[in-house]
Amino acid sequence: MTVTLEPSLGDVHAVVEEVWSSFLGAEEPILPLATPMPPGGWSAAITVSGGWDAQITVNLTDGAAQAVTSTMLMCPVEDCSDEDLRDALGELVNMVGGNVKSLMAGSAVLSLPLVGHGDISPGSHLVEVCRLELTWRGEPVVVTVHLPPTADPS
Amino acid sequence: MHALIIDDSKTMRSILRRIVTELGFDTTEAGNGQEALDALEAGLVPDICLIDWNMPLMDGYTFVTRVRADDRWRNVTLMMVTTESEHGQIVRALAAGAHEYVIKPFTPDAIIEKMELLGLVAQEVPA
């Protein structure tokens, strides 16, 4: 992967694929296939601050969030509490965000993850620069990267 | 052999626990560096600590510096297991006394290979 000022879709996709294959099983890959995201669901976000600012967010349906948690904790879905979901999704976005951070030039610091039911709005100074619409186990998964608008050199 | 797993994520502690238990380790878990330090102060002497970087109360880097500053724990092996992959941070952690550095996401084989290199697990002899 190359160090860039703005992560490419391909690089972010590679990060997401690596996280999914490492922790959620290579036999059930996350596919580059857009599936309509119903309202609701879970969001997990992590922010980057310091040399530059960013927010990386993963949005999942309730079903996908439960499947992620159940797979990572190796326990039946019915045994996964909301606290388990928050913890597993937090670790998931931590890995995606940390590796997206490594694609960018300059030093910066990762926050602790924020996980909740519903959307997590990025800071008002950030704009969406990358959006991956994916499918895992037939459920939509959306990964977005928000950065400050690029300064106009003119 | 005993492993102290230090991560604020219960999920990640569970994943690491499964890996090192398969290798024959007993485990203790801590949710941050301060909890881990308290466990050491209480008399726990692990063979290895698996340490996340970003945690509330006390981060993994601070934990490494605190452990390395105390002669009681000079024989404890320290392995960072973290999403922090900036070159400068890796250098900082190793300079502070961490023996190995694993970047998340990892496969179980990556952890096992590092533990073999550290001499904590017998290396597999190719058939």
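Arg137(A) is partly exposed, with 16 other C-beta atoms within 10 Å. Its phi is near 50°, a positive value in a residue other than glycine, and Arg137(A) lies in the loop between strand E5 (127-136) and strand E6 (139-147) of chain A. Please keep in mind that this is a predicted model.

**Backbone details**

- Met74(A) also deserves a look: its phi is positive, about 55°, although Met74(A) is not a glycine.
- You will find Met74(A) in the loop between H2 and H3 of chain A.
- Is Met74(A) buried or exposed? Met74(A) is exposed, because 9 other C-beta atoms lie within 10 Å, and a residue counts as exposed at 12 or fewer.
- For Arg137(A) the count is 16, so that residue falls between the limits of 12 or fewer for exposed and 20 or more for buried.
- In chain B, the peptide bond from Lys104(B) to Pro105(B) is cis, with omega near 0°.
- Pro105(B) sits in the loop between E5 and H5 of chain B.
- Gly119(B), which follows H5(B), has a positive phi near 80°.

**The sheet of chain B**

- Chain B holds an open sheet of 5 strands in the order E2-E1-E3-E4-E5, with parallel pairing.
- Strand E2 (26-30) and E5 of chain B are the edge strands, and each pairs on one side only.
- From one strand to the next, the twist averages 20°.
- Strand E3 (residues 48-51) of chain B and E4(B) run parallel and are joined by 4 bridges.
- Which residue of E4(B) is the bridge partner of Cys49(B)? The partner is Leu78(B).
- H1(B) packs on this sheet, where it touches strand E1 (2-6), E2, E3 and E4 of chain B.
- The direction of H1(B) makes about 165° with that of E2(B).

**Helix H5 of chain B**

- Helix H5 (residues 108-117) of chain B has Ile111(B), Lys114(B) and Met115(B) as its buried residues.
- These residues are on the same side of H5(B), because they cover an arc of only 100° around the axis.
- The exposed residues Asp109(B) and Leu117(B) are carried by the face of H5(B) turned away from its buried side.
- What do the buried residues of H5(B) pack against? Their partners are helix H1 (10-22), strand E4 (77-82) and strand E5 (100-103) of chain B.

**A helix pair in chain B**

- Helix H2 (residues 33-41) and helix H3 (residues 60-68) of chain B pack at an angle of about 25°, and their axes are 9 Å apart.
- That angle makes H2(B) roughly parallel to H3(B), since angles under 35 degrees count as roughly parallel.
- H2(B) brings Gly33(B), Ala36(B) and Leu37(B) to the contact, while H3(B) brings Gly60(B), Thr62(B), Phe63(B) and Arg66(B).
- Sorted by class, this contact of H2(B) with H3(B) has 3 nonpolar, 3 polar and 1 charged residues.

**Where chain A meets chain B**

- The contact takes 18 residues from chain A and 17 residues from chain B.
- On the side of chain A that touches chain B, the elements giving two or more residues are helix H1 (9-23), helix H2 (62-73) and helix H3 (82-101) of chain A.
- H3(A) supplies the largest share of that side, 8 residues.
- The residues on that side of chain A divide into 8 nonpolar, 7 polar and 3 charged.

Conventions: Residues numbered from 1 in each chain as written. Chains lettered and ligands numbered in written order. Predicted model: local features only at pLDDT ≥ 70, side-chain atom pairs only at ≥ 80, totals over all residues. Arc of directions from axis to C-beta. Contact = placed C-beta atoms within 7 Å. Nonpolar A, V, L, I, M, F, W, Y, C, P; charged D, E, K, R; others polar. Axes fitted to C-alpha atoms, helices over the stretch in contact; angles between N-to-C directions. Parallel < 35°, antiparallel > 145°, perpendicular 65-115°, else oblique. Pairing = 2+ DSSP bridges.
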